[in-house]
Amino acid sequence: MRWIVDGMNVIGSRPDGWWRDRGGALAALVERLEEWAADEGADVTVVFEQPPSPAIESSTITVAHAPAPAPNSADDEIVRLVQADPDPAQIRVATSDRALAERVRAAGASAYPAERLRNLIDPR
């Protein structure tokens, strides 16, 4: 199973004050996804609307972003990744955005609630 993660949707699934340090929240999400992916042997791509600043690099997961920041640009990038995959049935998209979930299902992938993924990678 390949995972594509709607980064800000997963971050926003828990009101833990992430908005006070957006960059720190992005880095923390990537770190938790790295640990989880290594433990599970999962292939994970996390998608943000724009490149994190400072840049976040990972040797364990793919950190991606939309080509240009705009409303729903991360969603459009996620759909593009699903449509470009030769086997979209093997992709699970973590999001709680209903419109995005419908779009990825129409493209052949499955959707997984962002909050459930957050609880898997970062138990309370």
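Reader: In S5, which residue is the bridge partner of Ala-94?

Author: Strands and helices here are DSSP runs numbered from the N terminus, a strand (E) having at least two residues and a helix (H or I) at least four. Two strands pair if DSSP finds at least two bridges between them. In this case, Ala-94 has Tyr-112 as its bridge partner in S5. Strands S4 and S5 (residues 110–112) pair in the parallel sense over three bridges. This is a predicted model, where local features need pLDDT of at least 70, side-chain atom pairs count only at pLDDT 80 or more, and totals for chains, interfaces and linings use all residues. Residues are numbered from 1 along each chain as its sequence is written, and side-chain values use heavy atoms, leaving out hydrogens and water.

Reader: Which strand do four bridges join to S4 (residues 91–94)?

Author: That is S1 (residues 2–6), which runs parallel to S4. For instance, Arg-2 has Ile-91 as its bridge partner in S4.

Reader: Which residues have the most contacts inside the largest nonpolar core?

Author: A nonpolar core is a set of buried Ala, Val, Leu, Ile, Met, Phe, Trp, Tyr and Cys residues joined through side-chain atoms within 4.5 Å. Buried means under 20% relative accessible area, with a 1.4 Å probe and protein chains only. Here the largest core has 23 residues, and Leu-33, Val-44 and Leu-117 have the most contacts inside it. Helix H2 gives the most to this core, with seven residues.

Reader: What does Leu-117 touch?

Author: Contact means heavy atoms within 4.5 Å. Not counting residues up to four places away in sequence, Leu-117 touches several residues, among them Trp-3, Leu-33 and Tyr-112.

Notes:
Buried < 20%, exposed > 50% of the residue type's maximum accessible area, 1.4 Å probe, protein only.
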